[in-house]
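This briefing is meant for a reader who is meeting the structure for the first time.

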Amino acid sequence: MRKSNIYLGIFSLVFLFLSGCAGNETKNETKNEGELDSNIKATLTFGTWDADSMKLYEELDIEGRFQELYPNVSLEIEEMKDDTEYFNAMKIRASAGELPDIMFNETVTLANFAEYLYDLSDTEAAKNNILADGYSVDGEVLGIPEKRQEEYVFFWRDQFEEAGVDVPQTWNEFVEISKKLQEYYGADNKDYMAIALGAKDEWPIYPLIENMPSGISGNGQYWNDMAKQDTPFEEGTDINIAYHKINDFFKTGVFGKDPLGMGYDQAFSIFMQKGAAMAMDSPIGLTAIKSEGIDTSNLESFYIPFRESEDDSLYLPVRGDFLMGITKNTENYELAKEFVEFYFSDAWYPDYISKLASASTMETVDKELDPVFESAERNSSNVVVYTYNGGDAEFQKLVTETRFDYKKLGAQMFEPDFNIEDVFTKLNKDWKKARQE
Amino acid sequence: MKKVFMQGLKYVISILIILVIIGPLLVVLFTSFKTKEHMVTVSPLLLPDFSEITLENYRDVFSSKYLLSAFKNTAFIVLVSLFFNIIFGSITAYALERFHFKLKRIIVALFFLGMMIPTFVMEISRFKVIGSLGLYNTLGAPIIIYIASDLMQLYIYRQFIKGIPIELDESALLDGCGYYRIFSKIIFPLLAPATATLVIIKSVNIINDMYIPYLYMPSTRLKTLSTFLMSYASAQQGSWQILAAAIVVVMIPTLSIYIFFQKYIFEGVSAGAVKS
Amino acid sequence: MKMIEKKQKRFLVVSLLIPVILLLIFVVYPAINLIQTSFLEWDGISQVKEYVGIQNYINMFTNSPNLWLSLRNNGLYLVFHMIMIPIELSIAVMLNSKMKGRGIVKSIIFLPFVISGVGISYAFAYFFSPVNGAFNEILNVCNLDTFIRNWLSDPKIVNFTLIFVSIWRFSGYHVILFISGLKSVSPELLEAAEIDGANSLQRLRAIQLPSMALVMDFVLFDCIRGTLQHFEIPFVMTQGGPGYASSTFTLYTIDTAFKFNDFGMASTMAVAIMIMVMMIYLIKNMIPKLLKKR
């Protein structure tokens with residue numbers, strides 16, 4: 001009997017050991033420098049939080065296509081629920097040296113992960129990318145954006161016509177038509193929302209709360225400039241003006257009877273069923289609408305008018321999204337680099353981007369605009385595009401110190417007893433203190 | 001008269017309890033049989049007309065290609081961790097309960113500490129350990145964590161062993177039995193009710209845990225039922241009827257374990273904690 | 001005798017070795033690491049870690065209002081779960097008495113504990129949804145529509161909605177624990193008391209409750225630990241919102257670590273909650289002893 005217990009102990013140790021080996025297997029064997037053997041045997045890992053991309057990776061067989069170049073390389077693609085979850089996991093993995101070979105970043109997160117990413121400025125992919133340079137950190141291209149993204153207000157043309165409202169050209173008009181729509185349809189349908197938002201999730205507020213401060217004067221470096229000031233929330237600053245306007249807007253009731261009670265998914269699906277006249281989202285929203293098989297002949301879009309009068313320019317923030325980089329945890333740097341080149345080459349990128357709603361970021365690849373997006377160019381006048389920057393390391397540090405969480409702030413603006421002046425005062429004070437340290 | 005009234009009151013309370021518990025579950029079940037249109041036209045509290053009931057949502061869930069592997073992964077994790085939990089738990093509890101030795105207090109304190117530590121933030125430091133052992137992104141990661149850190153089995157087994165008269169050990173010892181034999185032939189069989197309890201509670205906990213598999217096994221091949229449900233939910237973009245079907249499907253394993261072992265639960269979910 | 005001692009030693013080593021090693025590697029070492037990190041300023045990503053002494057602890061007490069708001073919410077959960085204990089106990093007594101169909105009630109009452117927590121949280125998020133939500137529909141049907149509220153978004157209400165879900169999920173488990181506790185009381189004792197003319201309340205107080213000390217202990221421990229580390233239900237249902245209205249200590253700790261990249265501070269909070277659980281548990285254990293001394 002004693003023996004069996006010892007065996008048990010041995011068994012469990014062996015088990016430990018075996019699972020340990022299994023873990024190493026998923027990594028790779030060869031560490032090749034310089035010349036890359038096309039017969040190299042390895043696994044490349046990367047993750048995404050875009051469900052549509054995930055579907056396309058399977059549908060268009062990204063692994064098979066890459067295997068035409070490197071037949072013994074397999075790809076392992078991890079799917080995450082959303083960007084929050086994705087970056088939470090990546091932070092833990094970074095400190096343990098377990099980042100995937102290839103990593104996607106957002107413009108906001110790039111600064112945080114800078115020390116884990118290789119410079120890609122000498123790749124063809126970076127050279128042919130329109131936006132990559134705009135997001136370089138200290139002259140190094142750490143991520144190559146695969147999607148060009150701007151935010152739209154999607155709307156049902158027939159609802160606008162029935163209620164007798166036009167596409168708004170200024171912020172005030174935007175507020176006014178929302179009120180009109182809410183009055184017109186809300187009378188019969190108490191669940192109606194002029195704008196479907198889903199503020200419970202907080203992030204859906206970003207087209208306003210994140211974009212408006214820089215959108216008033218079209219300054220893509222707005223966050224970085226804020227990091228250079230002691231009291232950037234003072235009266236008269238763009239962010240102060242913008243957040244007052246948003247705060248007032250959120251109090252008008254045009255987001256339905258309980259905007260904080262609903263997540264984005266629910267709100268957006270109500271918009272799809274015409275329970276709302278408008279919804280704000282990036283092109284990803286249109287992909288969702290189309291994948292539900294909804295008739296889009298009545299669907300149009302316009303750009304959010306941050307301006308005060310029609311004579312001003314309508315500044316449209318454009319951002320690169322899903323910035324593909326190579327992490328320093330990879331044991332197959334050369335191969336990963338080959339993969340990045342492949343990803344943005346004709347062997348993959350054109351087919352892939354044409355199936356996504358987002359616009360191409362590559363000089364070499366043109367994409368036909370969907371009629372829904374074309375309508376935005378028609379509906380909005382005097383549009384000036386600028387590249388939006390999510391904030392450099394300096395800004396991120398101040399955000400951490402002062403707990404300045406603009407998405408949460410946006411959600412709080414829906415609360416009746418929220419006092420925006422108090423918040424500005426406190427932020428000014430904390431900001432100054434944090435800068436001194 | 002009073003007796004009749006009391007009996008009546010008992011039934012009223014029972015029915016209330018049942019309604020509160022079953023109600024929300026029925027809503028989920030009803031929803032899972034609805035089409036998108038029903039979601040707007042039919043009250044959430046009712047089933048659609050019988051002829052209009054759809055199984056489309058379930059077809060959708062079952063056609064998801066990760067569901068099967070999620071079942072398999074979960075089953076594997078549960079079986080292996082339960083096996084070691086039972087072996088290690090019972091023998092550790094026996095050793096700590098029956099013997100006195102120098103390090104005993106320290107070891108007991110350490111195990112107690114293990115129950116106090118908040119799991120979520122500690123994963124940051126635990127992650128490094130898992131990573132350096134090469135367990136990251138393998139089924140080994142959650143298994144070893146469940147074996148090493150969730151220690152309620154000790155609590156249950158110790159209380160139970162307390163209830164077994166020590167004379168049993170002593171007489172066996174006098175008969176010339178070794179400790180291993182005493183443990184495996186006498187003590188362990190007597191722990192059967194506690195073991196059954198453990199099987200239920202632990203497998204339910206493990207199947208329902210989402211945080212550890214989510215953190216340590218991002219690979220799509222390594223989804224468990226809980227992480228499957230999470231990523232499935234986000235991919236549905238608000239189609240609550242499909243999500244409801246997924247919730248029902250994910251409930252099936254724990255529900256069957258429950259029905260199968262139910263008898264033992266009532267004999268002693270805490271039988272161990274009770275018999276002193 | 002020496003032989004036996006030697007045998008005993010060998011048995012102890014063989015049986016305790018692996019569990020203790022596992023514990024050291026996967027629980028004790030990370031815990032020590034956590035305490036170390038609580039003295040650092042570290043963003044969780046960078047390789048630069050700066051030793052800041054007890055600065056994090058000072059900041060936690062002086063400059064984290066939302067943390068204390070979150071802790072207050074944990075307190076709410078604890079209070080309500082405590083209030084539920086006598087109710088759970090009465091239900092257990094009821095189900096332990098002679099009654100037709102009690103088997104079914106018992107089976108159903110344990111059901112919520114068995115079902116996936118993630119699933120339940122999603123289900124209730126829709127149950128309380130403002131549009132097409134089942135709960136508002138129930139109120140409508142009962143002509144109580146004036147009571148309709150923003151269940152998940154009114155800061156004054158949201159916690160109670162979540163507490164309801166938490167109670168829904170865990171109360172049945174406690175009831176079953178209490179029932180098995182009641183069962184363990186020796187029937188002879190009860191019979192004797194009955195013959196002596198004790199009514200059921202007296203029997204409960206004099207005989208059943210004292211012999212249930214261990215179950216009570218376990219349930220209390222479960223409540224304290226569970227409510228102080230409460231996380232899953234608000235995480236899926238509200239993400240702590242609106243604002244921090246339904247945040248809990250663990251949720252706020254996770255935000256601190258991941259949203260604000262302040263891992264040093266998050267570790268400090270984790271250490272704090274560990275100490276809190278231990279303290280409450282120790283105080284709880286001391287109360288009966290103090291009472292006895294009197």
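This is a predicted model: local features need pLDDT of at least 70, side-chain atom pairs count only at pLDDT 80 or more; totals for chains, interfaces and linings use all residues.

In chain B, the domain assignment gives domain 1 as residues 2-54 and domain 2 as residues 64-274.

**The two domains of chain B**

- Taken over C-alpha atoms, the centres of domain 1 and domain 2 of chain B are separated by 33 Å.
- Seven residues of domain 1 of chain B are in contact with seven residues of domain 2 of chain B.
- On the side of domain 1 of chain B that touches domain 2, the elements giving two or more residues are α1 (2-32) and α2 (36-41) of chain B, and α1(B) gives the most, with four residues.
- Sorted by class, that side of domain 1 of chain B has three nonpolar, two polar and two charged residues.

**The packing of α1(B) against chain C**

- Helix α1(B) also packs with helix α5 of chain C, residues 117-127, at an angle of about 90° and with the axes 10 Å apart.
- Because angles of 65 to 115 degrees count as roughly perpendicular, α1(B) is described as roughly perpendicular to α5(C).
- From α1(B), the contact is made by B:P24, B:V27 and B:V28, while α5(C) brings C:A123, C:F124 and C:F127 to the contact.
- The residues of this contact of α1(B) with α5(C) divide into six nonpolar, no polar and no charged.

How values were computed: Residues are numbered from 1 along each chain as its sequence is written. Chains are lettered from A and ligands numbered from 1 in the order in which they are written. Domain bounds come from an automatic or database domain assignment. Two residues are in contact if their C-beta atoms, placed from the backbone, lie within 7 Å. Ala, Val, Leu, Ile, Met, Phe, Trp, Tyr, Cys and Pro count as nonpolar, Asp, Glu, Lys and Arg as charged, and the others, Gly among them, as polar. Axes are lines fitted to C-alpha atoms, for helices over the stretch in contact, and angles run from 0 to 180 degrees between N-to-C directions. Angles under 35 degrees count as roughly parallel, over 145 as roughly antiparallel, 65 to 115 as roughly perpendicular and the rest as oblique.
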